[in-house]
Structure formats: C-alpha cells, structure tokens
Amino acid sequence: MKILWNDRIVDRNECRIDPEDRGYQFGDGIYEVISFYNHQLFKLTEHMERLSYSAGEIAMDLPYSTEQIAENLKKLVELSDKADGQIYLQVTRGYAPRNHALPEKADPVLTAYLMHHPRPLDAQKTGVAAVTAEDVRWLRCDIKSLNLLGSILAKQKAVENGASETILHRGGTVTEGSSTNVFMVKNNTIYTHPINNLILNGITRRVVRDLAEKADIPFREEAFTTDDLMAADEVFLSSTIMEIMPVVRVDGQTIGTGRPGKVTKTLVQLFHEFVN
Ligand code: PDD
C-alpha cells in the first residue's frame with residue numbers, strides 16, 4: 001500500500017509515526033474522506049475548504065497549501081488500480097512531548113491513502129435499517145476531528161442491532177448520524193438539521209441540497225424530533241461513503257411504505273447521473 005506521508009508517496013512500511021504524535025496521543029488532528037469516481041476526485045475543492053476550516057478551528061496550520069495537498073491527492077488517485085474509491089486523509093498536530101496545552105512548536109503530520117469501499121448501489125435499492133441513540137458527542141461536531149469515540153460507540157449500537165447507522169438526537173432533536181447527515185421527507189418537503197456546531201457540514205449534504213433545488217423539491221434546514229422522524233414519509237442519510245441512502249426501518253419500526261420513497265429515489269438517481 002502506498003501512503004502520502006507529508007509531501008512524499010512512500011511504501012506503507014516506510015511511513016513512521018512518533019508515539020508522541022499528538023494525533024496518536026490526544027486525537028489532536030483532523031481528517032477528510034474524499035470519493036473518487038473514474039479516477040476523478042469528487043468535490044475536492046469543498047473537501048479542501050473544510051479541511052482548512054477544521055484546521056483553523058483547532059488553531060493548527062496546515063503543513064502545505066490546500067492546492068499542494070490537492071495535487072498530491074491526485075497523484076495518489078493516479079496510482080489506484082480501481083476507477084472508484086476513496087481517499088482517507090488526516091493531518092495531526094505532529095510530535096511534541098506530552099502536554100495537553102498546545103506545543104509552541106510542532107510540525108503537523110499529513111498521511112493519506114486509498115480505500116476501496118464499494119459503491120452502495122444494492123443497498124440503495126432496498127434501503128437500510130437504523131437505530132436511534134442520544135447524541136453524547138462534544139459540542140463542536142462542525143470540526144472534522146480525529147476524536148471519534150462518540151461516533152464509534154454510536155455505530156457499534158447499529159451493528160449490534162443489525163442496522164447500518166445510528167441516528168443521533170439531543171434530547172429528542174435529531175442532529176445527524178454517527179457518520180452521516182440525516183434527512184426526513186414529509187409532504188414532499190425535505191427537512192434536515194441546520195448547519196451549526198451540532199453537526200458536520202457534510203459535502204454530500206450540500207450535493208443533496210443542490211439536487212433537490214434542481215428537482216424542485218423544497219429543502220428546509222429545520223431541526224425535527226425523533227417523533228417526526230418515526231412519522232416521516234421517507235428518511236435518508238448522506239455521506240461520502242453511503243452517498244444517498246434510503247432508511248426504511250428505524251428502531252425496528254417501518255418508515256413510510258418500508259421501501260425507498262419517491263423523493264429519495266429521485267435524489268439517488270440524480271446523484272448517480274451527477275457522478276457519471
Ligand atoms: N463521515 N456527519 C458525520 C458525523 C460524518 O462523520 C460524516 C462523514 C458526515 C457526512 O459528511 P460528508 O458528506 O462530507 O462525507 C456527516 C466520513 C465519511 C467518515 O468518517 O468516514
């Protein structure tokens with residue numbers, strides 16, 4: 001496996017990370033997951049802008065310009081023997097003797113490599129099941145931080161219940177999924193939590209918004225409750241890996257007809273046309 005290690009592409013066994021790297025010790029770093037289709041990185045500029053935003057919010061300087069990082073990611077994709085896949089990219093604050101406070105000097109460490117999660121085309125036809133859980137993560141979910149324990153434990157609840165995702169809520173208000181944004185459709189209108197500190201500003205979420213506009217489907221950034229969710233006509237998720245994914249059961253209860261709904265199917269179709 002090839003790794004982009006700072007600004008060089010090396011073999012995996014050449015990549016060395018210090019045990020006192022703050023990413024390793026504190027989760028002090030940020031990441032992005034970026035899809036590529038037909039060897040073309042999808043929404044690369046938006047991912048680079050979000051990486052830059054996350055870095056700014058944790059007072060970390062990126063080690064290279066986003067243009068340089070983007071160029072190196074493209075080189076990595078050129079090495080892919082498969083046309084479709086994803087890049088996992090992370091930047092940690094780098095090595096410093098262990099101390100919670102920010103080090104006066106540390107050189108951020110960038111690593112990136114190719115992943116090949118298959119496109120979820122079959123699951124998009126049937127839809128998936130989800131469960132719900134209280135959102136116990138921190139209050140800066142707008143930062144794409146390496147600290148993912150809240151998401152990990154939430155996703156595990158889904159796995160243990162034979163579901164694909166855990167939909168999180170704060171005191172009954174739906175925020176997002178453990179690694180997805182969450183939408184419901186009621187009377188042909190799409191609802192999703194507004195962009196603030198409680199959710200990640202998903203790149204796929206923005207694609208959903210643009211596709212909804214194109215299809216003349218009203219798109220409202222308004223929070224809704226778990227009761228609204230259970231009574232929705234349709235529920236769907238969005239993320240780089242799941243693309244747009246219909247949810248047909250939540251906590252064992254059928255949503256709508258129990259099959260992917262009209263609005264969701266339209267969005268899935270438009271998404272496929274867009275990436276093709
Ligand atoms: N997760 N919300 C959370 C908490 C996420 O972790 C993600 C992405 C999203 C969707 O964002 P986007 O559309 O930009 O992928 C929303 C990535 C894929 C991951 O952690 O693997």
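Predicted model: local features only at pLDDT ≥ 70, side-chain atom pairs only at ≥ 80, totals over all residues.
Residues are numbered from 1 along each chain as its sequence is written, and side-chain values use heavy atoms, with hydrogens and water left out.

The protein falls into domain 1 (2-115) and domain 2 (121-275), with bounds that come from an automatic or database domain assignment. Their centres, taken over C-alpha atoms, lie 26 Å apart. To the contact (heavy atoms within 4.5 Å), domain 1 gives 24 residues and domain 2 gives 20 residues. About 1900 Å² is buried between the two domains, and carbon and sulfur atoms supply 62% of this area; buried area is the accessible area (1.4 Å probe) that two parts lose on being put together, summed over both. On the domain 1 side, Y31, Y37 and R50 lose the most area to domain 2, together 34% of what that side buries.

Back to the helices, which are DSSP runs (H or I, at least four residues) numbered from the N terminus. Helix α2 (residues 44-57) and helix α3 (residues 66-78) have axes that come within 10 Å and cross at roughly 130°. Axes are lines fitted to C-alpha atoms over the stretch in contact, and angles run from 0 to 180 degrees between N-to-C directions. The pair α2 and α3 is therefore oblique. From α2, the residues L44, M48, L51 and S52 meet T66, I69, A70, L73 and K74 of α3.

A second pair is formed by helix α6 (residues 203-214) and helix α8 (residues 262-275), packed at about 105° with axes 10 Å apart. This makes α6 roughly perpendicular to α8 (65 to 115 degrees; under 35 counts as roughly parallel, over 145 as roughly antiparallel, and the rest as oblique). Here T204, V207, V208, L211 and A212 of α6 touch L267, L270, F271 and F274 of α8.

Definitions and conventions. Helix = DSSP H or I, 4+ residues; strand = E, 2+ residues; numbered from the N terminus.
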